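Me: I would like to learn how to read some features of a protein model. Please take them one at a time.

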Amino acid sequence: MTGQTTVRHTAPPDVRRDRPTAVPERTGAPVAEGEARLVTGEPGCGRSRFLDRAARAFTAGPVVYVRADPDSATVPHAGLRALLRLSAEPRAHRPAVPPPDGLDGLDGLDGPSADAALRSALRAACADGPLLVCVDDAHLWDPASRAALGRLGRDPRAAGAVSLLLTAPGHRPVDPEFAGIPPLRLDPLTAAASAALLDEESGGSVDRGVRDDLVAEAEGNPALLLALLRSLTPAQLRGRAPLPRPPADAEILTGLVGGCLSALTAEEDQVLLTAAAAVREAEDGSAAVAPVRRALARLTGGAPAARLDPPPELLVLSDGRLRFRSALVRRALYARAGERERRAAHRALAAQEAGLPGLLHRAWAVPADATTVADGAAAALATGLAAAAADPAVPASPRLRCAALARAADLTGDGRDRARHRLAAAQQALLAGQPHRALRLLDAVRTGAPGAELRGRAELLRGAALLRDGPVDEARATLLLAKSLLAAHAPAAALAATLGAADAAWAAGDVPGCLEALAEGRGEQGRDGLSGTPAGPGADTPAGTGAGAAGPAASLPSGDDVLREHRRGMLALLERRFEAAVRSLRRVVDGAAPGDRVETLLRAAAAALLMGDLVGARGAATAALVAARTQGEAAALGPALEYLAYTELRAGRHGLARTHAEEGLRAAHRAGQRNTAAHHHAAQALAASIDGDADAVARHVRHAQEISLRHGLAQAATLAEWALARVDLGEGRPAEAADRLGPLVRPGPGRGHFAVWMLAVPCFVEAAARAGRGGSAGPVVEEFAEWARFGADPQAPAQLLRCRALLAPPDRADGLYESALALHETAGGDFERARTEFLYGQWLRRRRRLREARDRLGAALVGFERCGARAWAAQARAELRANGTSAGGARAGDLSALTPQQLRIVHHVAGGATNREIAQALTVSTRTVDYHLRKVFAALGVRSRVELARLVEQTEKTPAHP
């Protein structure tokens with residue numbers, strides 16, 4: 001048994017995780033003081049590395065780090081003795097701690113005595129500071145030590161300021177001794193984190209294509225990734241020699257899973273192989289138990305193995321389904337079996353499965369030497385398999401369709417038919433969120449000399465993949481090539497490629513490139529039709545570039561009119577023909593309905609955002625999200641959530657936007673869409689800038705900018721920079737905000753993205769005016785006025801008047817502020833209205849109009865608190881204090897400051913009436929009631945109707961003073 005009191009300096013480098021299971025970036029350890037966590041995960045997931053990083057990050061006090069010794073697993077109390085000895089070692093900052101009583105005689109201690117000895121030692125070790133105890137591979141400790149450690153884990157506070165981290169494998173049931181300790185399961189690495197690990201280990205010497213192959217093969221398992229890296233020759237690593245197929249062979253896989261497969265009986269091996277074959281392409285990694293049981297009966301002739309009683313440490317049966325505890329173990333089981341055994345398992349399953357799964361099992365049962373045109377049975381099977389996979393009436397996920405079409409291509413001898421099957425498989429791979437698999441299939445299409453049309457469709461799909469995860473300039477060039485190849489053969493597909501090229505230019509902030517691509521698309525018509533695919537390559541392949549973007553690129557909606565109208569609308573918008581743009585974009589939005597294809601709904605959401613129709617954008621994006629989940633289109637989840645996030649940001653609902661962006665980021669990572677992830681990082685940064693969470697803003701901005709710089713995403717980069725400026729402005733640093741925003745909004749080479757800079761103008765004008773530089777903001781205000789007249793942003797007209805008020809002389813500013821507030825009443829949005837109230841109140845206070853200033857600042861405070869803008873709320877409180885008024889407003893029970901109309905409304909509210917009922921009773925509009933209630937809330941310092949009713953009740957019960 002070995003151990004250490006500090007973490008080894010030779011510990012492996014950190015591996016960052018983008019999931020909540022990562023060590024938090026700003027905390028010392030992933031466990032709070034006085035708590036315990038059981039860190040689990042499948043073999044090779046990096047439990048030891050995680051523990052090393054957690055120990056290095058812990059700076060509050062000493063660390064006791066114990067790594068289990070398997071040779072001592074049968075020695076009673078061996079693990080506990082090692083832990084006690086380490087905890088008693090002297091440290092430089094305090095005198096040596098004597099060994100605890102009973103250390104030398106632990107073998108004779110019972111459970112309570114061992115617990116007392118352990119707690120006494122740890123309490124002494126943390127006498128002058130918190131203590132972190134890390135036990136790696138705790139499941140290898142002897143039973144007595146595991147029991148004592150488990151009891152400590154369920155109540156670590158009994159030992160003082162102790163935090164406890166244990167690791168144990170997650171591919172086996174949790175040891176009973178550790179039951180009750182909260183688990184912390186390590187998820188697979190994201191594609192980006194896997195690529196970073198490869199670059200770190202290789203010094204960046206691995207060819208980009210080889211790196212992507214290894215990342216896809218490892219499926220997020222860091223140990224497998226590094227094993228694959230070490231298995232390749234220098235020529236293979238540099239892309240000068242072909243990789244082995246498959247890269248992860250049986251020897252590598254079985255070496256990583258350790259001895260968990262060595263003790264299996266032949267019967268158990270048969271059960272597990274059949275189960276592994278059954279879930280090979282399952283979306284959720286599970287399969288129905290009944291077909292597997294019948295297949296086993298067929299294989300064994302009714303032998304006991306057919307009872308399907310597998311080792312519970314490897315396979316779980318629940319609710320009529322089975323799944324492996326570890327994907328890596330499943331892969332190792334399948335890989336180490338011989339080809340003959342695998343084919344037999346698939347043949348037995350094919351007899352039990354109907355539909356596409358059954359056909360696919362039949363195809364996998366075909367011998368490797370039968371995949372030639374000379375084998376008529378294989379060719380016929382390939383034809384039937386491809387037809388079933390292409391039939392939209394056949395229930396199947398995109399992942400299953402992809403596997404079926406790829407296998408059909410393998411069984412097809414004819415070069416053109418093989419290319420068509422691979423092309424259709426690539427389309428389904430993109431839908432399933434497997435871009436690397438799609439690109440490899442497209443590479444195979446390209447090498448087969450398929451002809452202009454199939455080559456053009458392959459480039460169309462390749463461009464769609466690059467739009468989501470690659471340099472957008474490369475995506476634009478690829479899509480323009482697709483357009484040229486398809487123009488004479490499939491005009492509708494050529495139009496989709498044209499729109500995709502425009503989307504790529506939009507993401508890069510390239511206005512001339514957008515106009516060129518859209519102009520080239522004029523007059524293209526026709527219908528698309530490639531037999532053997534559900535709707536042709538490009539269908540169901542959404543892409544997009546965020547708020548104000550052209551929508552899903554390189555996709556072929558069900559109606560070509562949608563494509564043409566979207567192109568016309570984009571082109572008219574860029575040419576400043578605003579009325580024509582609205583007409584075309586409105587047709588796209590109005591033509592969409594729940595139940596439409598996902599890509600049609602995404603285009604409608606994008607068109608609605610371009611027009612500022614937030615209700616339409618929200619409805620279309622929500623419908624697209626529901627459809628993507630229902631149809632299993634993983635590639636569409638990130639884009640749909642992106643549109644929802646930007647819609648809520650534009651509407652001022654920042655908390656909801658942050659929720660959508662968090663979920664969208666996870667979906668983008670799962671689908672390998674780094675460009676989409678950059679937009680979700682930018683959206684989270686913008687939302688966090690309202691919350692006043694500067695650390696979160698900096699973190700998301702760093703991620704967004706890193707991807708943007710590598711892939712040329714000018715739009716995401718501009719949004720991220722705007723988020724940083726909003727933090728400066730919210731924390732009362734207007735000069736810094738003006739310095740950051742100036743280059744983004746002023747004309748010149750450094751100007752931000754054309755679809756974003758005008759949204760940032762109000763922030764720049766406010767920052768410049770508050771910093772005493774209002775003269776520099778005049779020209780951009782006039783450009784912003786043109787944007788406000790277009791009507792694409794509901795807040796823009798009120799923001800324009802606010803900007804003019806900030807720059808106007810005193811005799812005009814008053815009226816401009818009042819007019820801006822009146823427009824806010826129709827535009828809605830707590831945050832923007834509160835900003836105008838705040839700036840107006842600040843202006844009034846400096847002119848010693850204190851009563852009016854109090855009303856405005858109080859209303860601003862309520863608005864900021866309502867939308868969670870904590871930094872701005874703090875500024876409003878500071879202004880109220882400077883105004884001589886507490887942030888709480890009027891004294892509780894003091895309703896005398898209210899107007900007669902406000903008092904009448906207050907008493908109706910206290911009686912439980914709704915705004916509509918109050919409006920009918922007083923013969924006013926509901927908007928007027930809402931306006932007066934906001935004033936009442938600000939004046940009385942209440943935040944809800946319940947608080948207001950309680951205040952009225954208390955006032956009426958309090959006797960008046962004589």
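Me: Is the crossing of α17 and α18 left-handed or right-handed?

Reply: This is a predicted model. Handedness is judged by looking down on the pair: a crossing is left-handed if the near helix is turned anticlockwise from the far one by less than a right angle. Here α17 and α18 form a left-handed crossing.

Me: At what angle do the axes of α17 and α18 cross?

Reply: The axes of α17 (residues 415-431) and α18 (residues 435-447) cross at roughly 165° and come within 8 Å. Angles over 145 degrees count as roughly antiparallel, so α17 is roughly antiparallel to α18.

Me: Which residues of α17 and α18 make the contact?

Reply: From α17 come Ala419, Arg422, Leu423, Ala425, Ala426, Ala429 and Leu430. Helix α18 brings Pro435, Arg437, Ala438, Leu441, Leu442, Ala444 and Val445. Sorted by class, the contact has twelve nonpolar residues, two charged ones and no polar ones.

Me: Now a single residue. Is Ser163 buried or exposed?

Reply: Burial is read from relative accessible area, and under 20% means buried. Ser163 has 3%, so Ser163 is buried. This serine is part of strand β5, which covers residues 162-167.

Me: What does Ser163 touch, leaving out residues up to four places away in sequence?

Reply: Its contacts are Val31, Ala32, Glu33, Gly34, Glu35, Leu131, Leu132 and Val133.

Me: How much of the whole protein counts as buried?

Reply: The figure is 57% of the 962 residues. For the surface, the protein exposes about 37,400 Å², and carbon and sulfur atoms supply 52% of that area.

Me: How many helices and strands are there in the protein?

Reply: There are 43 helices and nine strands. A separate reading is how far apart in sequence the contacting residues are. Counting contacts between residues at least 6 apart, 69% join residues at least 24 apart.

Me: Next, backbone angles. What is the phi of Glu219?

Reply: Glu219 has a phi near 55°, which is positive, and Glu219 is not a glycine. Glu219 sits in the loop between α6 (208-218) and α7 (222-231). With a relative accessible area of 45%, Glu219 is partly exposed.

Me: What is the phi of Arg576, and where is Arg576 found?

Reply: Arg576, also not a glycine, has a positive phi of about 65°. Its place is the loop between α23 (560-574) and α24 (578-590). Exposed means over 50%, so Arg576 counts as exposed at 52% relative accessibility.

Terms used. Residues are numbered from 1 along each chain as its sequence is written. This is a predicted model: local features need pLDDT of at least 70, side-chain atom pairs count only at pLDDT 80 or more; totals for chains, interfaces and linings use all residues. Side-chain values use heavy atoms; hydrogens and water are left out. Helices (H or I, at least four residues) and strands (E, at least two) are DSSP runs, numbered from the N terminus. Buried means under 20% relative accessible area, exposed over 50%, partly exposed in between (1.4 Å probe, protein chains only). Contact means heavy atoms within 4.5 Å. Accessible areas come from the Shrake-Rupley method with a 1.4 Å probe; for residues, only the protein chains shown count as cover. Axes are lines fitted to C-alpha atoms, for helices over the stretch in contact, and angles run from 0 to 180 degrees between N-to-C directions. Angles under 35 degrees count as roughly parallel, over 145 as roughly antiparallel, 65 to 115 as roughly perpendicular and the rest as oblique. Ala, Val, Leu, Ile, Met, Phe, Trp, Tyr, Cys and Pro count as nonpolar, Asp, Glu, Lys and Arg as charged, and the others, Gly among them, as polar.
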